[in-house]
Amino acid sequence: MISAQGLTKFYGDRCAVSELDFTIEGGEIVGFLGLNGAGKTTTLRILACLLLPSRGTVRIHDLDVVDNPHEIRKLVGFLPETPPLYAEMTVDSYLRFVGRLRGLGGARLRERLAQVVQQTNLEEVRQQVIGSLSHGYRQRVGIAQAVIHDPPVLILDEPIQGLDPVQIVEMRELVRGLKGRHTILLSSHILSEIHQTCDRLMVLQNGALAAVGTERELTARLTGSQRLSLLVRGHTEPLLRLVRSAEHVQSCEAEGADHGAPAESGLVRLSVTSSQDIRELLSRRLVESGFGVLELGRAEAQLETVFLQLARGGEPTAFPAPPQA
Amino acid sequence: MRNIVLIARRELGAYVCLPMGYVIVALVLFVDGLLFNAYALGGEAKLSAEVLQLFFAFASFMTMVSGVLLAMRLVAEEHQLGTLTLLLTAPVRDGEIVLGKFLSALTFFALMTLLSLYLPLLVFVNGKVALGQIVGGYLGLLLLGSLSLSIGLFASALARSQIVAAVTGGALLTACYLLYLGAGLVEPPLRELMAYLSPQRHLQWQTGLISSRDVFYYLSGSGLFLVLTTHVLQARRWR
């Protein structure tokens, strides 16, 4: 659906984006991660046909951004870092204007307007002047203008920037709600957001692609291991011995436990690093040995560590795109 | 055409909704009235046709000032507020954006200029003039306004802020006027060319006479700056 080959962009002598190669399949939510100045916004602006690449090719739905920008703009909805809103217009008149600008009219415009207003929860402010809206609502109007023409590709540049925690949760739900209908490219430097919203990550470092893959793939590739977290009832010492003796286990640590005796509650939390997925094997062995397994799962995201390593120049990694949705 | 009308309507709405439009209208009408009263009507006795000619001469100056002021926000403000992104990522040609904005400013300018119509009509209180002189004069103001707006729009596309746009537009218009003075300093055939390029050479309409040569000058000048503005917008995509 979206492919870039050798995508390069210069601002004068400065190279903002260098030799990017990537493919994004239909229906995916892909997160662009990177420090400030890494080239996220430039890449998204090229995909939105706002900028022209200096070198390389970018194709959206088999159309080239240099040869067919007019056609591509019909297929793309774009929310820039600052939502492009006319403060003197009401939400309703603004969305009607954008809808018409993007080729809608008559019954189709009315239908899409009703859907988008409902989808973005803008009913109660529909007749309000945009200049009087809160930041959260403005961001919603920004999303609404991007999806009004129901584009197959949606590009959101820092959609949660400046939102409060409640608004972030609402925006996350909104973006998730758009999944399936649209292929979504999202840029953010808020790691937890990317982690919770996106199917795949692209990490940019100094304008180059440092890594592409799911969070799990990136973590495993970068650390060469998988981390499990267990909550087990039993004595710490025999528990550690048992787990450490299991196949593929690289390390096992008990968190905050006195190794000589069971914890006061009788529960021990273990952090296990293994070279392979050993969840099944480990759970069977623990139960057979008489330990009570209360929790066993992958450790929560190590995204921050991974991000910092990649963004600051960690080992470049590449993963194939997942099967087509 | 649909996109041009759509953009023009929105821009016209912005002129009506925002205070800037009213401030410019008030300023123009105030200065026009003041100059008309002090210089056109005042002083020694004149023929009514001379009074009108003086009125259109003062109104020409205010037309150029208001042209630059009305056009300064058209692109520069959108750039400052980030709303230009909306237009540049929509399936709309750059030429349509430029034409839409220009037409909205020209419509607003025409309405504003019509509001000053009571001034030349006052001549009828104590005198008599040909209606054709009034019609010709207003048509001339519209043509001069068109040129001023297109130069202002070009400056607005070049600049990153409205102030810089106004200063650039004003400087460009002044330079066009100075061409006429400069023409006296050079030898033919450059003299003829420089004089022709200056609006000063094309003010015959102030006497009520509209020549096709002047109409061509104003329309081609406006067209040239609109094309240049379109190229500036296109060039932004390479930056």
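1. The loop of chain B that runs between α9 (162–183) and α10 (190–197) contains B:Pro189. In this predicted model, the peptide bond joining B:Pro188 and B:Pro189 is cis, with omega at about 5 degrees.

2. The phi angle of A:Asp150 is near 55 degrees, which is a positive value in a residue other than glycine.

3. On the confidence of chain A, the mean pLDDT is 83, and 86% of the residues of the chain reach 70 or more. Among the elements of this chain, α3(A) has the highest mean pLDDT, at 95, while helix α11 (residues 303–311) of chain A has the lowest, at 66. For residues 315–325 of chain A the pLDDT is below 50, and in the model this stretch has 24 contacts beyond near neighbours in sequence.

4. As for its overall division, chain A is split into domain 1, covering 2–213, and domain 2, covering 225–300. The centres of these two domains of chain A, taken over C-alpha atoms, are separated by 43 Å.

5. How do helix α3 and helix α5 of chain A pack, and at what angle? Helix α3 (residues 91–101) and helix α5 (residues 135–147) of chain A have axes 9 Å apart and meet at an angle of about 25 degrees. Because angles under 35 degrees count as roughly parallel, α3(A) and α5(A) are placed in that class. Their crossing is right-handed. On the side of α3(A) the contact is made by A:Val91, A:Tyr94, A:Leu95 and A:Val98, and on the side of α5(A) by A:Val141, A:Ala144 and A:Gln145. Sorted by class, this contact of α3(A) with α5(A) has 6 nonpolar residues and 1 polar residue, with no charged residues.

6. In chain B, helix α2 (residues 19–41) and helix α3 (residues 48–81) have axes that come within 9 Å and cross at roughly 160 degrees. This angle makes α2(B) roughly antiparallel to α3(B), and the crossing of α2(B) past α3(B) is right-handed. The residues of α2(B) in the contact include B:Met20, B:Ile24, B:Leu27, B:Asp32 and B:Phe36, and those of α3(B) include B:Val51, B:Phe55, B:Phe58, B:Met62 and B:Ser66. The residues of this contact of α2(B) with α3(B) divide into 19 nonpolar, 1 polar and 1 charged.

7. Another helix pair of chain B is formed by helix α8 (residues 131–158) and helix α11 (residues 212–236), whose axes come within 8 Å and cross at roughly 15 degrees. The helices α8(B) and α11(B) are therefore roughly parallel to each other, and α8(B) passes α11(B) in a left-handed crossing. Among the residues making the contact are B:Leu143, B:Leu147, B:Ile151, B:Phe154 and B:Leu158 of α8(B), together with B:Val215, B:Tyr218, B:Phe225, B:Thr229 and B:Arg236 of α11(B). By class, the contact of α8(B) with α11(B) has 16 nonpolar, 5 polar and 1 charged residues.

Notes. Residues numbered from 1 in each chain as written. Chains lettered and ligands numbered in written order. Predicted model: local features only at pLDDT ≥ 70, side-chain atom pairs only at ≥ 80, totals over all residues. Heavy atoms only, no water. Domains from an automatic or database assignment. Axes fitted to C-alpha atoms, helices over the stretch in contact; angles between N-to-C directions. Helix = DSSP H or I, 4+ residues; strand = E, 2+ residues; numbered from the N terminus. Parallel < 35°, antiparallel > 145°, perpendicular 65-115°, else oblique. Left-handed = near helix turned anticlockwise from the far one by under 90°. Contact = heavy atoms within 4.5 Å. Nonpolar A, V, L, I, M, F, W, Y, C, P; charged D, E, K, R; others polar. pLDDT = per-residue confidence, 0-100.
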